[in-house]
Amino acid sequence: MITGTVAIFRRELAGYFATPVAFVFIIIFLLLNGIFTFYVGGFFERGQADLRPFFVFHPWLYLLLMPAIAMRLWAEERRSGSIELLLTLPVGLFDVVVGKFLAAWCFTAIALALTFPIWLTVSLLGHPDQGVILAGYLGSLLMAGGYLAICACLSAATRNQVIAFVVGVIVCLLFTVSGTPIVLDLISSWAPHALVETIASFSFLTRFESIVQGVIDVRDLIYFASLIAFWLFANAVVVELRKAG
Amino acid sequence: MAMIEIERLVKRFGAFTAVDGVGFSVERGTVLGFLGPNGAGKSTTMKMITGFLPPTSGRIAVSGFDIAEQPLSAKRCIGYLPEGAPAYADMTPRAFLDFIADVRGLTGADRQRKLDEAIARIDLEPVLEQPIDTLSKGFKRRVGLAQAILHDPEVLILDEPTDGLDPNQKHAVRTLIKGMAATKAIIISTHILEEVEAVCTRSLIIARGKVLAEGEPLPDAAGWRFGTLEAAPGRLDAVFRQITTGQGASDQVTELAA
């Protein structure tokens with residue numbers, strides 16, 4: 001039922017902008033992006049016309065910022081009791097889940113689009129490969145969707161937004177670093193090779209880095225799409241199981 | 001055909017049985033009162049009728065639609081005021097009602113007419129542009145009522161519609177319910193006995209998840225009859241105590257010869 005999804009999407013998106021929180025969030029996002037790109041990433045010192053120093057920090061930014069966007073989605077409904085109203089309206093549970101997720105994702109897309117001055121800067125200073133930059137933006141948005149789907153599901157498991165945030169950060173961290181030595185060194189000595197490979201393949205970091213270099217592998221796209229689908233499905237299951245409590 | 005049909009409804013939470021074999025039906029034109037102590041299973045029953053909680057067993061049909069098999073069709077026929085009238089605190093009543101109209105798929109002139117009608121009926125005009133969390137308890141309750149009647153549903157389920165309202169507001173809500181009663185099937189829950197006398201045309205006394213007694217007003221406003229017990233006007237509390245606890249001032253209750 002498209003009507004219901006659209007109505008919920010619009011309400012949630014407007015909800016972000018109903019309070020100054022949205023603007024504070026966007027300012028923090030842009031500020032951190034600027035700091036990381038120009039100071040930590042050494043945008044000018046590298047002397048290269050590309051946006052690598054900009055994109056490379058996105059997984060770490062999202063790690064903290066996506067749980068903040070998604071923590072409210074379900075926890076607040078459960079705390080205020082409005083979930084009872086929402087789920088007795090003539091709209092399917094999965095339509096509600098999708099509507100809420102899309103609103104959070106759209107909000108992230110708006111914040112990401114507002115980083116365009118960095119793209120302008122690099123385009124004016126040199127001749128970057130615009131295709132690679134576009135791939136970077138798409139990859140970044142896709143990865144943000146993955147983080148949001150995870151955190152939306154976790155938000156449904158509690159009525160406390162702070163708990164939703166903290167648990168969200170932890171689970172997102174696991175997905176971020178699963179392909180790095182931090183995790184692989186820990187398990188490679190004892191776990192079978194296939195398991196190590198599987199865990200490594202869950203990593204956002206490795207997949208995102210190849211997309212940022214302009215290598216769009218269909219498997220990476222499928223990975224993020226199925227990850228989002230899986231967590232949205234889990235989200236519906238969690239809502240169904242926990243709504244009584 | 002009854003607008004609401006409930007058969008052998010059971011809801012268990014773990015080892016606790018909240019609703020234990022409740023069954024009844026409600027026709028158009030009826031205002032059915034759920035009367036019972038706190039924790040009797042009134043709200044849980046309403047949550048199952050409106051499709052929020054799935055029953056452990058039993059069957060619910062609203063306007064002929066089985067809530068388990070055709071939940072969306074059933075939900076379209078229902079207006080529901082959940083306990084405590086939850087709403088989205090950061091929205092204004094106008095934005096909130098617009099959202100409800102959107103989700104319910106109302107469009108065009110019909111949508112505008114229904115919005116205007118609900119706002120006028122509930123008298124929400126003065127607070128339409130104020131965020132809901134700044135409103136008084138009475139107005140919050142009225143926003144919840146406006147949301148419930150917005151799409152002019154055949155079936156209204158109102159969980160403690162007058163709880164926390166002042167006497168004038170209570171009177172206004174009761175007048176509203178009575179005004180809609182002729183064309184709808186309405187269930188209200190309450191633990192205020194005078195409310196049953198004021199608005200209901202039938203009443204179920206519910207305790208510990210079971211229907212203990214079913215009551216109807218006597219002709220000529222001569223009080224209420226619950227099974228073999230009769231209560232004089234304004235004396236419902238004695239019957240209620242007798243049925244729910246087995247004790248009560250027997251001089252205020254007339255037991256009919258079986």
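Arg208(B) is exposed, with a relative accessible area of 59%, where buried means under 20% relative accessible area, exposed over 50%, and partly exposed in between (1.4 Å probe, protein chains only). This is a predicted model, in which local features need pLDDT of at least 70 and side-chain atom pairs count only at pLDDT 80 or more, while totals for chains, interfaces and linings use all residues. Residues are numbered from 1 along each chain as its sequence is written, chains are lettered from A and ligands numbered from 1 in the order in which they are written, and side-chain values use heavy atoms, with hydrogens and water left out.

Arg208(B) sits in the loop between β9 (202-207) and β10 (210-217) of chain B; helices (H or I, at least four residues) and strands (E, at least two) are DSSP runs, numbered from the N terminus. Although Arg208(B) is not a glycine, its phi is positive, at about 50°. Most residues other than glycine have a negative phi. Asp123(B), in the loop between α4 (108-122) and α5 of chain B, likewise has a positive phi, near 60°, and is partly exposed, with a relative accessible area of 45%.

Turning to the sheets, chain B has an open, antiparallel sheet of 4 strands in the order β2-β1-β4-β5, where two strands pair if DSSP finds at least two bridges between them. Because β2 (16-26) and β5 (65-66) of chain B each have a single partner strand, they stand at the edges, and one side of each is left without a neighbour in the sheet. Strand β1 (residues 4-13) of chain B is joined to β2(B) by 8 bridges, and Arg12(B) has Thr17(B) as its bridge partner in β2(B).

Across β1, β2 and β4 (57-62) of chain B lies helix α1 (residues 42-49) of chain B, running at about 120° to β1(B); contact means heavy atoms within 4.5 Å, and axes are lines fitted to C-alpha atoms, for helices over the stretch in contact, with angles from 0 to 180 degrees between N-to-C directions. In α1(B), 7 of the 8 residues are buried, among them Lys42(B), Met46(B) and Ile49(B).

Strand β7 (residues 155-159) of chain B is mostly covered, with 5 of its 5 residues buried. Val155(B), Ile157(B) and Asp159(B) point one way from β7(B), and Leu156(B) and Leu158(B) the other way. Strand β6 (residues 78-81) of chain B pairs with β7(B) in the parallel sense over 4 bridges, and 5 bridges join β7(B) to strand β8 (residues 185-190) of chain B, again parallel. Leu81(B) has Leu158(B) as its bridge partner in β7(B), while the partner of Ile157(B) in β8(B) is Ile187(B).

For Cys106(A), the nearest cysteine sulfur, that of Cys151(A), is 18 Å away, and Cys106(A) is partly exposed at 25% relative accessibility. For Cys151(A), the nearest cysteine sulfur, that of Cys172(A), is 3.5 Å away, and Cys151(A) counts as buried at 1% relative accessibility.

Notes
Disulfide = S-S within 2.5 Å.
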